[in-house]
Amino acid sequence: MSESAPNFDALFATARRAQIRAYAPYSAFRVGAAILDDNGAIHSGCNVENASYPVGLCAEAGAISAMIAAGGRAIHAVLVLGDGEELVTPCGACRQRIREFAAPETPIAIAGPDGVRARFSLAELLPASFGPANLRT
Ligand code: THU
């Protein structure tokens, strides 16, 4: 368990390494994501596009898959890194993907090339969300 404050510098460095390897020949918009899990381990992902455009995967989805494959079961922090002037906040589908493994207060840091630009909680990005507990009848 990692109860201390997330090390966003480590998350940024990990996301940067993934962003460089992104496969984004169609949008040319490279994204890297890093996740801190409940074991204190950091997992990364990058966007992987496809000639059949809707089949492409977001960086966050890859990072979640890496976490689960490595044995992590809870997300303690997320950092998403993209280029450009705008904040690269997770898309709607990825907010829900993060929601499956994260508490409402989980920090989601949004970074540009020079570092973290903004920080949100999951609840700010996905209020009144639907999660595993909603299926318990
Ligand atoms: N993308 C991500 O990987 N994560 C985000 O949070 C936003 C968007 C990717 C999907 C696509 O490959 C490219 O960025 C342009 O939308």
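Reader: How many disulfides does the count come to here?
Author: The count comes to zero disulfides, where a disulfide is a pair of cysteine sulfur atoms within 2.5 Å. Cys58 takes part in none, since the nearest cysteine sulfur, which belongs to Cys94, is 3.9 Å away. Please keep in mind that this is a predicted model, in which local features need pLDDT of at least 70, side-chain atom pairs count only at pLDDT 80 or more, and totals for chains, interfaces and linings use all residues. Residues are numbered from 1 along each chain as its sequence is written, and side-chain values use heavy atoms, with hydrogens and water left out.

Reader: Switching to the ligand, which residues surround it?
Author: The ligand is surrounded by Ser27, Phe29, Val31, Asn47, Glu49, Cys58, Ala59, Glu60, Thr89, Pro90 and Cys91, where a residue counts as near if one of its heavy atoms lies within 4 Å of the molecule or strand in question. By class, this shell has six nonpolar, three polar and two charged residues. For those classes, Ala, Val, Leu, Ile, Met, Phe, Trp, Tyr, Cys and Pro count as nonpolar, Asp, Glu, Lys and Arg as charged, and the others, Gly among them, as polar.

Reader: What lies 2.6 Å from an oxygen atom of the ligand?
Author: A polar side-chain atom of Glu60 does, while a backbone N or O atom of Ala59 lies 2.9 Å from a ligand oxygen and a backbone N or O atom of Thr89 lies 3.5 Å from one. A polar contact here is a pair of N or O atoms within 3.5 Å; within protein, one must be able to donate a hydrogen and the other to accept it, and residues adjacent in sequence count only if both atoms are side-chain atoms.

Reader: How much of the ligand does the protein bury?
Author: Taken alone the ligand exposes 380 Å², and the protein buries 76% of that; the areas come from the Shrake-Rupley method with a 1.4 Å probe, and for residues only the protein chains shown count as cover.

Reader: Aromatics next: how many pairs does a search of the whole structure find?
Author: The search finds one aromatic pair. Its partners are Tyr26 and Tyr53, whose ring centres are 5.4 Å apart with planes at 40 degrees, so the pair is tilted. Rings of Phe, Tyr and Trp (its six-membered ring) pair if their centres lie within 6.5 Å, and planes under 30 degrees apart count as stacked, over 60 as edge-to-face and the rest as tilted.

Reader: Where do Tyr26 and Tyr53 lie?
Author: Tyr26 lies in the loop between H1 and E1 and Tyr53 in the loop between strand E2 (42-46) and helix H2 (59-70), so the pair ties together parts that are 27 residues apart in sequence. Helices (H or I, at least four residues) and strands (E, at least two) are DSSP runs numbered from the N terminus. Tyr26 is partly exposed at 39% relative accessibility, whereas Tyr53 is exposed at 60%.

Reader: I'd like to check the backbone too, so what is the phi of Ala28?
Author: Ala28 has a positive phi of about 60 degrees although it is not a glycine. Ala28 sits in the loop between helix H1 (8-20) and strand E1 (31-37) and is exposed at 63% relative accessibility. Ala128, also not a glycine, has a positive phi of about 50 degrees; this residue is in the segment after helix H4 (122-125) and is exposed at 88%.

Reader: And Ile64, is that buried or exposed?
Author: Ile64 is buried, with a relative accessible area of 8%, and its place is in helix H2. Its C-alpha is separated by 21 Å from that of Tyr53, eleven residues apart along the chain.

Notes: Buried < 20%, exposed > 50% of the residue type's maximum accessible area, 1.4 Å probe, protein only.
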